[in-house]
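Good morning, and thank you for making time for this presentation. I would ask you to keep the sequence and the structure in view while I speak.

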Amino acid sequence: MAKKHKSGDKISLSHGAGGKLSLDLITHLLKGNFDNKILNRLEDSAVFELNGQKIAFTTDSYVIQPIFFPGGDIGKLAVCGTINDLSVVGAKPLYLSCSLIIEEGLDKSILEKIILSMKKTAQKARVKIVTGDTKVVGKGSADKIFINTSGIGTIGDGIGLGREKIRIGDKIILSGTIGDHATAVLSSRAGLEFQTGIKSDCDFLSDLIGSILKFKDKIKFMRDPTRGGLASVLNEMVEGKRLGALLYEDKIPIRDEVTGFCELLGYDPLYLANEGKVIVVAASKVAKEVLKIMKRNKLGKDAEIIGEITAEYKGMVVLKTRYGGTRVVDMPTGEQFPRIC
């Protein structure tokens, strides 16, 4: 149901951080007013049928600062992000749009570098950029460049993912190390990239995900943990459910450099953004085979089964620590890292 907001209530950066405030804004203002069965699923892509073909359709905007960072740039990020939003609902990405909002004064060579990066990434992923739009705004009305990409893809027979498919005993698989993207962007912003040596994991997941779709309905749920990281995705997954997620800290892959960065600055890697990782919830009987296949792909070589769906901890995410204790992993509430996705 739509929630009425009082005059004077302000949008804060935290409303775009992927945590509780983002979910509240989406649920009460957008879902509450637009209200339809397709939107109300709140998946990364809308899924619907058109002339008997199951279609996935998505859109996203990219406003990262800095626009060039170790391992990527805003153009590569925009193409990969939309491909990944299609891939995690089981779709084969086909076509993208590219809309640019450019700040007056941007050097043309910088814009060309970004466009060439988008071209290279799209060609590598075998998708076509087929439409778009260009707007130029006055100096100070944007920060260099913002990019919106939309995408469309098709979903094969027998593939149907969703939170409602998840069952107790299912396994949670993570495709690789977490926190690389956030660490790369934040260290670049602070001028520390040469000290951390970390590159963003920014990449498209369509080939990796395509390799496990042969398991069809045994793959229950997928999501790429971008804003809000692993913690946000898993909390959204179990919210309001009569089941919970139990994670094993010693199974979650994290680079030593990311751990050190987090310890230095007081961050929790479970909440750091990623741009080339996927969380897969798979039926217990196929989980090891899914993991084996993922490890054959260079983007899944560090994949691990990091936890399971449990009857305990209903609606909660709980971490079993290396020392045998447990702690609740809450949904983030405030803004940790502005503009890293």
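Let me begin with terms: helices (H or I, at least four residues) and strands (E, at least two) are DSSP runs, numbered from the N terminus. The model is a predicted one, in which local features need pLDDT of at least 70 and side-chain atom pairs count only at pLDDT 80 or more, while totals for chains, interfaces and linings use all residues. Residues are numbered from 1 along each chain as its sequence is written, and side-chain values use heavy atoms, with hydrogens and water left out.

I turn to the chain as a whole. The protein chain has nine helices and 14 strands. Its C-alpha trace spans about 55 × 55 × 50 Å along the principal axes. The radius of gyration is taken over C-alpha atoms, and the globule rule is 2.2 Å times the number of residues to the power 0.38. For 341 residues, a compact globule would have a radius of gyration near 20 Å, and the 20 Å of the protein chain agrees with that.

On burial, the cut-offs are as follows: buried means under 20% relative accessible area, exposed over 50%, and partly exposed in between, with a 1.4 Å probe and protein chains only. Of the 341 residues, 48% count as buried. Contact means heavy atoms within 4.5 Å. Among contacts between residues at least 6 apart in sequence, 83% join residues at least 24 apart.

Next, the backbone. Which peptide bond is cis, with omega near 5 degrees? The bond from Gln65 to Pro66 is, and Pro66 is found in the loop between β2 (53-62) and β3 (68-69). Two residues have a positive phi although neither is a glycine: Asp35, at about 30 degrees, and Tyr313, at about 55 degrees. Asp35 is placed in the loop between α1 (20-34) and β1 (46-50). Tyr313 is in the loop between β12 (304-310) and β13 (317-320). With 28% relative accessibility, Tyr313 counts as partly exposed.

Now the interior. A nonpolar core is a set of buried Ala, Val, Leu, Ile, Met, Phe, Trp, Tyr and Cys residues joined through side-chain atoms within 4.5 Å. The largest such core has 36 residues, of which Ile74, Ile83, Ile145, Ile147 and Ile340 touch the most other members. Elements that each supply at least two residues of this core are α2 (74-87), β5 (91-103), α3 (108-125), β7 (145-155), α4 (180-189) and α8 (256-265). Which element gives the largest share of this core? Helix α2 does, with six residues. A second, separate core has 29 residues, including Ile173, Leu208, Leu213 and Val280.

Not counting residues up to four places away in sequence, Ile147 touches Asp60, Ser61, Tyr62, Ile74, Gly75, Ala78, Ser99, Leu100, Ile114 and Met118.

Let me stay with helix α2 for two further residues. Leu77 is found in this helix; its relative accessible area is 0%, so Leu77 is buried. Beyond neighbours up to four places away in sequence, Leu77 touches Tyr62, Ile64, His181, Cys202, Glu275 and Cys341. The C-alpha atoms of Leu77 and Asp201 are 124 residues apart along the chain and separated by 10.0 Å. Ser87 is also placed in helix α2 and counts as buried because its relative accessibility is 1%. With residues up to four places away again left out, Ser87 touches Pro93, Leu205, Ser206, Ile209 and Met222.

Finally, I come to the loop between β8 (171-174) and α4, where Ile178 lies. Is Ile178 buried or exposed? At 0% relative accessibility, Ile178 counts as buried. Leaving aside neighbours within four places in sequence, Ile178 is in contact with Leu230, Ile252, Pro253, Ile254, Val258, Pro269, Leu270 and Asn274. The C-alpha atoms of Ile178 and Glu275, 97 residues apart along the chain, are separated by 9.5 Å.

Ser175 is placed in the loop between β8 and α4 as well, and is buried, with a relative accessible area of 0%.

I welcome your questions.
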